[in-house]
Amino acid sequence: MTTILCIRKGNEAVMAGDGQATLGESIIFKSKSVKVRRIGDGSIVAGFAGAAADGITLIERLEAKLEKHAYQLKRAAVELAKDWRMDKYLRQLQAFMIVADKETSLVISGTGEVMEPDDGIIGIGSGGNYAMAAAKALYDVSGMNLEEIAQKAMKIAGDIDVYTNHNVIIERIEA
C-alpha cells in the first residue's frame with residue numbers, strides 16, 4: 001500500500017510518492033521505499049502502487065516499450081496494458097502505475113485500462129483518493145505551485161491513511 005499522486009498544469013507535471021513500505025499490516029520501511037522515478041531518457045516519470053517487485057517489473061517493461069516506440073508515451077502505455085492483460089505471467093502482477101511526460105499523464109492498470117484524467121490530477125494506492133481530493137481542493141489556490149500542492153496533498157493523505165507516510169519524493173516534468 002502506498003500513495004502516488006500526479007498533478008498537471010499545461011506542460012508541467014509533478015508526481016509524488018510516499019516512502020513507506022508495508023508487508024500485510026506491518027510497516028517494513030518508514031522512508032526508504034522509492035516508488036516514483038524517472039525512466040527512459042529522463043523525460044518521463046513513473047510511479048507505482050502495489051507489490052514492489054511487480055511495480056518495478058512493469059516499469060522495466062514500460063521502458064522497453066518506450067524504446068521500441070520512440071518514446072511515444074501513449075502508444076507505449078497502450079502496448080504495455082495489452083501485454084499486461086493478455087500475458088499469462090504479467091496478468092499475475094498486482095500493481096497500478098501512473099506515468100507522465102510533458103504532454104500527458106496516464107493511469108495504467110492490469111485490466112487493460114489506460115486512462116487520462118480530464119483535470120490533470122490522478123491518485124492511486126491506498127491513500128490515492130485522499131491525496132487526489134486534497135489536490136483538487138488546493139489546485140486553484142493562488143500562490144501555490146504544483147510541488148507545494150503535491151506536498152500538502154500528500155501530507156493530508158498521510159494524516160488519514162495508515163499505509164501512507166510523510167516522507168515524500170517529488171519528481172517534476174517541465175516543457
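**Note on the strands and cores**

1. In the hairpin of strand 5 and strand 6, Gly40 takes a positive phi near 65°. Four residues lie between these strands. Helices (H or I, at least four residues) and strands (E, at least two) are DSSP runs, numbered from the N terminus.

2. This is a predicted model: local features need pLDDT of at least 70, side-chain atom pairs count only at pLDDT 80 or more, and totals for chains, interfaces and linings use all residues. Residues are numbered from 1 along each chain as its sequence is written, and side-chain values use heavy atoms, without hydrogens and water.

3. Strand 5 (residues 36–39) runs antiparallel to strand 6, joined by four bridges. Two strands pair if DSSP finds at least two bridges between them. Val36 stands opposite Gly47 in strand 6.

4. Strand 6 also pairs with strand 7, antiparallel, over six bridges. Ala49 faces Phe96 of strand 7 there. Six of the seven residues of strand 6 are buried (under 20% relative accessible area, 1.4 Å probe, protein chains only).

5. The largest nonpolar core has 21 residues. Such a core is a set of buried Ala, Val, Leu, Ile, Met, Phe, Trp, Tyr and Cys residues joined through side-chain atoms within 4.5 Å. Ile39, Leu58 and Ile108 are among the members that touch the most others. Elements giving two or more residues include strand 6 (44–50), helix 1 (52–68) and strand 7 (95–100). Helix 2 gives the most, with six.

6. Ile108 touches (heavy atoms within 4.5 Å) residues including Trp84, Phe96 and Val114, leaving out those up to four places away in sequence.

7. A second, separate core holds 17 residues, among them Ile7, Ala16, Ile149 and Ala157.

Key:
Buried < 20%, exposed > 50% of the residue type's maximum accessible area, 1.4 Å probe, protein only.
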